[in-house]
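Reader: I'd like to go through this one piece by piece, with the cut-offs spelled out as we go. Can you show me the sequence and the model?

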Amino acid sequence: MNQIQKAKPTQTEKKVALVVGANGVIGRNLIEHLLTLPGWDIIGLSRRGGKSIDRLEYISVDLLNTEDSTDKLKSLTHVTHIFYAAYQDQPRWAELVAPNLTMLRHVVNIIEEKSPNLKHISLMQGYKVYGAHLGPFKTPARETDAGHMPPEFNVDQQHFLEKTQQGKLWTWSAIRPSVVGGFALGNPMNLAMVIAIYASISKELNLPLRFPGKPQAYHSLLEMTDAGLLARATVWAATEPQCANQAFNINNGDLFRWSEMWPKIAKFFDLEVAPPLQMSLNTVMADKELLWNSMREKYQLADHPYQALSSWGFGDFVFSWDYDMFADGTKARRFGFHEHIDTEAMFMTIFENFRKQRVIP
């Protein structure tokens with residue numbers, strides 16, 4: 001039994017965060033933020049696990065498996081906060097509900113029973129709650145907007161928390177970011193990595209940087225959410241009493257169009273910009289593994305497999321939004337969270353980080 005589990009409750013007991021989905025872009029940045037805060041111990045859950053350090057323990061677990069979940073989580077008796085950011089991808093939208101709801105249920109049901117000091121459960125959602133993935137929707141989206149026709153696993157997960165929380169001492173919050181920008185390998189929803197690998201390969205082939213999405217998507221308004229800002233907002237909502245049982249849109253605070261951002265991204269990679277040309281990244285990048293392997297050797301890049309670096313399907317998904325994609329973030333400000341970040345600066349910082357870690361040339 002580890003030190004976190006042995007600790008006995010006192011009046012000055014540390015907060016113990018259980019971060020579910022610890023290796024994703026959201027979970028990874030959340031852990032990094034929690035490590036900067038005094039008074040927190042952290043347990044990270046994921047399939048891959050990780051290297052434990054002081055105040056941080058990783059547990060490898062298959063949350064789709066009831067037996068493995070029970071076996072791995074039953075000794076976690078001092079969790080005070082659950083930060084749920086896990087996601088199980090599936091080929092079709094309707095198939096997302098069962099696995100993603102099952103994983104949340106396993107975590108909540110086991111920890112609720114084993115950790116009597118549980119105070120809060122934070123659920124990571126997104127604009128899919130508003131039907132943003134289905135087509136043009138009301139913008140700016142607000143937390144009070146009407147729901148839409150199921151299936152939608154984000155909604156089912158929130159309904160599960162609301163029902164389970166009735167009569168309990170713990171509270172919940174639902175955090176709704178836009179597309180999240182940050183660093184994580186093997187993540188199915190990392191747009192910054194998609195752009196970075198696409199731009200790096202374009203440069204290697206002496207090609208200009210073309211926007212590959214739908215023509216109107218180049219001119220639509222959208223926003224993003226920096227992973228670091230999201231981490232700070234998530235912890236704020238989980239520890240601020242007035243945020244109990246509330247949902248919050250969390251975004252950078254500015255809007256942009258790819259038509260303005262794309263040339264700035266191209267400049268970072270020393271590329272020219274050519275007119276947009278709609279193409280499926282999932283198709284045109286499928287044969288680039290050998291090229292990337294040669295680039296990895298040529299530029300002495302870190303030894304990351306091509307398949308782990310980028311999700312071309314997610315890039316196609318985002319670049320297909322030929323309608324405005326943004327939400328009203330003022331509720332969080334009214335409740336006391338006032339941070340913001342410039343999205344251009346966010347992109348450049350992430351790309352610089354990729355270079356420092358030898359992910360891209």
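Reader: In which loop is the place of Pro140?
Author: Quick ground rules: this is a predicted model, where local features need pLDDT of at least 70, side-chain atom pairs count only at pLDDT 80 or more, and totals for chains, interfaces and linings use all residues. Residues are numbered from 1 along each chain as its sequence is written, and side-chain values use heavy atoms, with hydrogens and water left out. Helices (H or I, at least four residues) and strands (E, at least two) are DSSP runs numbered from the N terminus. On that scheme, Pro140 falls in the loop between β5 (120-124) and α5 (153-165).

Reader: And what is omega for the peptide bond from Thr139 to Pro140?
Author: The bond from Thr139 to Pro140 is cis. Pro151 sits in the loop between β5 and α5, and the bond from Pro150 to Pro151 is cis too, with omega near 15°. For Thr139 to Pro140, omega is near -5°.

Reader: Is Gln300 buried or exposed?
Author: Gln300 is in the loop between α10 (289-298) and α11 (306-309), and its phi is positive, near 55°, in a residue other than glycine. The classes go by relative accessible area: buried is under 20%, exposed over 50%, and partly exposed in between (1.4 Å probe, protein chains only). Gln300 comes out at 66%, so it counts as exposed.

Reader: What relative accessible area does Arg358 have?
Author: Arg358 follows helix α14 (343-356), in the segment after it. Here too phi is positive, about 60°, although Arg358 is not a glycine. Arg358 is partly exposed, at 34%.

Reader: On to the rings: how many aromatic pairs does the structure hold?
Author: A pair of rings is described by the distance of the centres and the angle of the planes. Rings of Phe, Tyr and Trp (its six-membered ring) pair if their centres lie within 6.5 Å; planes under 30 degrees apart count as stacked, over 60 as edge-to-face and the rest as tilted. By that rule the count is 26.

Reader: What kind of aromatic pair do Phe256 and Phe347 form?
Author: Their centres are 6.5 Å apart and the planes are at 90°. The pair links distant parts of the chain, 91 residues apart, with Phe256 in the loop between β9 (246-250) and α8 (258-268) and Phe347 in helix α14. Both Phe256 and Phe347 are buried. The pair is edge-to-face.

Reader: How about Phe314 and Phe317: what is the pair called?
Author: Phe314 and Phe317 both lie in helix α12 (residues 312-318), three residues apart, about one turn of the helix. Phe314 counts as buried at 12%, whereas Phe317 is partly exposed at 26%. The ring centres are 6.4 Å apart and the planes at 45°, so the pair is tilted.

Reader: Which backbone oxygen does the side chain of Ser178 reach?
Author: Ser178 is in the loop between β6 (171-177) and β7 (179-181), and at 9% relative accessible area Ser178 is buried. Leaving out residues up to four places away in sequence, Ser178 touches Tyr127, Glu223, Met224, Thr225 and Ile250 (contact means heavy atoms within 4.5 Å). At 2.8 Å, the side chain reaches the backbone oxygen of Glu223.

Reader: And which backbone nitrogen does the side chain of Glu223 reach?
Author: Glu223 is in the loop between α6 and β8 (224-226), and Glu223 counts as buried at 2% relative accessibility. Glu223 and Asp324 are 101 residues apart in sequence and 9.2 Å apart in space, C-alpha to C-alpha. The side chain of Glu223 reaches, at 2.7 Å, the backbone nitrogen of Ala327.

Technical notes: A polar contact is a pair of N or O atoms within 3.5 Å; within protein, one must be able to donate a hydrogen and the other to accept it, and residues adjacent in sequence count only if both atoms are side-chain atoms.
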